[in-house]
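Morning, everyone. Please have the sequence and the model open.

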Amino acid sequence: MARITLRQLLDHAAEHSYGVPAFNINNMEQGLAILEAADAVDAPVIIQASRGARAYANDIVLKGLIDSLCEMYPHIPICMHQDHGNNEATCATAIQHGFTSVMMDGSLEADGKTPAPYDYNVRVTKAVVDMAHWVGASVEGELGVLGSLETGMGEKEDGHGFEGKLGHDQLLTDPGQAVDFVKATQVDALAIAMGTSHGAYKFTRRPDGDVLAMHVIEEIHQRLPNTHLVMHGSSSVPQDLQDVINRHGGQMPQTWGVPVEEIQRGIKHGVRKINIDTDNRMAMTGAIRKVFAENPGEFDPRKYLKPAMDAMRTVCRQRFEEFGTAGWAGKITPIPLSAMARRYASGELAAKIGITRQAAE
Ligand code: G3H
Ligand code: 13P
Ligand code: ZN
């Protein structure tokens, strides 16, 4: 079995200066595509499931799927992560079903819509950290609300994400507050807000520093050099995938995502986990549309799901290579949750604030 915690994987990524894409899944085809890509390039994997994904696929099916992937690819460390947990119960039940890591997204209240006060975020995140660390699981927190700096709007995904309009003070993580948050909560990784949003419609033009505030990452990394940073909403929304969809009957208005070079810049400044869902959704949808457009009589799901998996595998492999994840799987020996729990209890994994990484080692 090769389940790994987020903390161990991101500690390794930081030590060797690479990033790890975190791919969302809802079904078997996506799980197989990710692992085929990881196996081809020897990359460790983060698979994440949203609340919507857990409801769609069923926790028991998801657990069985991850167990199967671990058995098929025992040499690939797999981190199973809860994406955007909305409260303590969501995080606890994820761990109960074999997740080795959870995100407690206290930037929003438990409804997944209302921007939450800072004190609430600290309180709920700390409660999840205590619970998760007792059993050795990892926790990602979020400070700042994801949304567009162009419009002030969030992109609501399957019920998650704020509704309405926010100011830049809420859409950009405050570096000083980030230090306080990590100290108070002891999260293993910190998701920050800097102009990315979920879904395909992130930017109305190729983003520059006004709408994609990479400088915020750099400032936070300077103050928290030992904290693993997480970029959400980091699909690149490639033009070729938009074109495949639109050439085969789709109607996606022209849009721009987060350029891979900007993510690579982030990786140089402490970004270790990069969340990607939309690119894979688009890759699968384009391939399926193509089959239907070219063979309107087709009705065997394997005939369109196989090309969909192939297209998703291509995107995953590209990201593993672009983020420097490729080549590391075989060099990691996963530490069991019980041993991680002992490491937390000993204080060895406490957040290191205000000291350089070199000094911390
Ligand atoms: O958080 C955003 C991910 O893209 C998951 O989306 O909630 O529709 O599964 P979802
Ligand atoms: P995208 O919609 O850009 O793929 O982001 C996914 C994400 O952040 C999941 O948490
Ligand atoms: Zn997200």
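**Helix 6 and helix 8**

Helix 6, residues 118-134, packs against helix 8, residues 175-185, at an angle of about 35 degrees, and their axes are 9 Å apart. Helices here are DSSP runs of H or I with at least four residues, strands are runs of E with at least two, and both are numbered from the N terminus. Axes are lines fitted to C-alpha atoms, for helices over the stretch in contact, and angles run from 0 to 180 degrees between N-to-C directions.

Before I go on, this is a predicted model, in which local features need pLDDT of at least 70 and side-chain atom pairs count only at pLDDT 80 or more, while totals for chains, interfaces and linings use all residues. Residues are numbered from 1 along each chain as its sequence is written, chains are lettered from A and ligands numbered from 1 in the order in which they are written, and side-chain values use heavy atoms, with hydrogens and water left out.

Back to the pair: which residues make the contact of helix 6 and helix 8? From helix 6 they are Tyr118, Asn121, Val122, Thr125, Lys126 and Val129, and from helix 8 Gln177, Asp180, Phe181, Ala184 and Thr185. Contact means heavy atoms within 4.5 Å. By class, five of these residues are nonpolar, four polar and two charged. Ala, Val, Leu, Ile, Met, Phe, Trp, Tyr, Cys and Pro count as nonpolar, Asp, Glu, Lys and Arg as charged, and the others, Gly among them, as polar.

**Helix 12 and helix 13**

Helix 12 (residues 278-294) and helix 13 (residues 301-322) pack at about 145 degrees, with axes 8 Å apart. Among the residues that meet are Ala283, Ala287 and Val291 in helix 12, and Leu305, Ala308 and Val315 in helix 13. This contact divides into 15 nonpolar residues, one polar and three charged.

**Ligand 2**

There are 15 residues around ligand 2, and Lys202, Gly233, Ser235, Asp277 and Thr278 come nearest; a residue is near if one of its heavy atoms lies within 4 Å. The shell has one nonpolar, eleven polar and three charged residues.

**Arg3**

Finally, where does Arg3 sit? Its place is in the segment before helix 1 (6-15). The side chains of Arg3 and Asp67 are joined by a polar contact of 2.7 Å, that is, a pair of N or O atoms within 3.5 Å; within protein, one must be able to donate a hydrogen and the other to accept it, and residues adjacent in sequence count only if both atoms are side-chain atoms. The Arg3 side chain also reaches the backbone oxygen of Gly98, at 2.8 Å.
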